[in-house]
Amino acid sequence: MIESKKNLSVLIVEDSLLIVKRLRLLLNDFDCIDQIYQANNADEALLISTQLSPRVIFLDIKMPGRSGVEILPDLLKQNNSTVIILSNYSDESYRKLCMDRGASYFLDKSNDFDKIKEILNTIYIN
């Protein structure tokens, strides 16, 4: 567990309640996280990002309305967030597309959840 002052805000852009719950449980272990926001679709994500400038954004690819791939450049224009794609679409073409559009990390929901703690530790230290 990180023991520091709280100053890291996180936005979860995900329409699966199971994934949101799993992420929230994991994020609650970090003392440095002071706010966790949630958006269920692209429009909510853009609004929250504009208003609150989260430092870290967990972004799903497939959501109702526009996809995470579509809004990724807009999210990055709005603020200096670290965007972590968290998706079931772990195909290399999706990975490349997301990384080319500016994502910092691309994680498979099924296999890479355990990497999130290490990534957050890296973000917080930097």
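This is a predicted model: local features need pLDDT of at least 70, side-chain atom pairs count only at pLDDT 80 or more; totals for chains, interfaces and linings use all residues.
User: Which residues of helix α1 are buried?

Analyst: In helix α1, residues 17-27, the buried residues are I19, V20, L23, L26 and L27. Buried means under 20% relative accessible area, exposed means over 50%, and partly exposed lies in between, with a 1.4 Å probe and protein chains only. Helices (H or I, at least four residues) and strands (E, at least two) are DSSP runs, numbered from the N terminus.

User: Why are those residues on the same side of α1?

Analyst: They cover an arc of only 130° around the axis, which puts them on the same side of α1. The arc is that of the directions from the helix axis to the C-beta atoms.

User: And what is on the face turned away from the buried side?

Analyst: That face of α1 carries the exposed residues L17, L18, K21 and L25.

User: Next, α2 and α3. At what angle do they pack?

Analyst: Helix α2 (residues 42-52) and helix α3 (residues 68-78) pack at an angle of about 10°, and their axes are 9 Å apart. That makes α2 roughly parallel to α3. Angles under 35 degrees count as roughly parallel, over 145 as roughly antiparallel, 65 to 115 as roughly perpendicular and the rest as oblique. Axes are lines fitted to C-alpha atoms, for helices over the stretch in contact, and angles run from 0 to 180 degrees between N-to-C directions.

User: Which residues meet there?

Analyst: On the α2 side they are A42, A45, L46, S49 and T50, and these meet I71, D74, L75 and Q78 in α3. By class, this contact of α2 with α3 has five nonpolar, three polar and one charged residues. Here Ala, Val, Leu, Ile, Met, Phe, Trp, Tyr, Cys and Pro count as nonpolar, Asp, Glu, Lys and Arg as charged, and the others, Gly among them, as polar.

User: Which residues of α3 are buried?

Analyst: The buried residues of α3 are G68, V69, I71, L72 and L75. Seen down the axis of α3, they fall within an arc of 150°, so they line one face of the helix.

User: What do they pack against?

Analyst: The buried residues of α3 pack against α2, β3, β4 and α4 (92-100). Contact means heavy atoms within 4.5 Å.

User: How many residues does the largest nonpolar core have?

Analyst: The largest nonpolar core has 23 residues, and those with the most contacts inside it are L27, I33, F58, I116 and L120. At least two residues of this core come from each of β1 (8-13), α1, β2 (33-39), β3 (56-59), β4 (82-87) and α5 (116-125). Another core, of 21 residues, lies apart from it and includes L11, I48, V69 and I85. A nonpolar core is a set of buried Ala, Val, Leu, Ile, Met, Phe, Trp, Tyr and Cys residues joined through side-chain atoms within 4.5 Å.

User: Now a few single residues. Is V56 buried or exposed?

Analyst: V56 counts as buried, at 0% relative accessibility, and its place is in strand β3. Leaving aside neighbours within four places in sequence, V56 is in contact with L8, S9, V10, L11, T82, I84, L120 and I123.

User: Where is M63?

Analyst: M63 is in the loop between β3 and α3. M63 is buried, with a relative accessible area of 8%. Apart from neighbours within four places in sequence, the contacts of M63 are V13, D15, N40, N41, A42, G68 and I71.

User: How far apart are M63 and N40 in space?

Analyst: M63 and N40 are 7.5 Å apart, C-alpha to C-alpha, and 23 residues apart in sequence. N40 is in the loop between β2 and α2 and counts as partly exposed at 33% relative accessibility.

User: What about the phi of S53?

Analyst: S53 has a positive phi of about 45° although it is not a glycine. Most residues other than glycine have a negative phi. S53 is in the loop between α2 and β3, and S53 is partly exposed, with a relative accessible area of 40%.

Methods: Residues are numbered from 1 along each chain as its sequence is written. Side-chain values use heavy atoms; hydrogens and water are left out.
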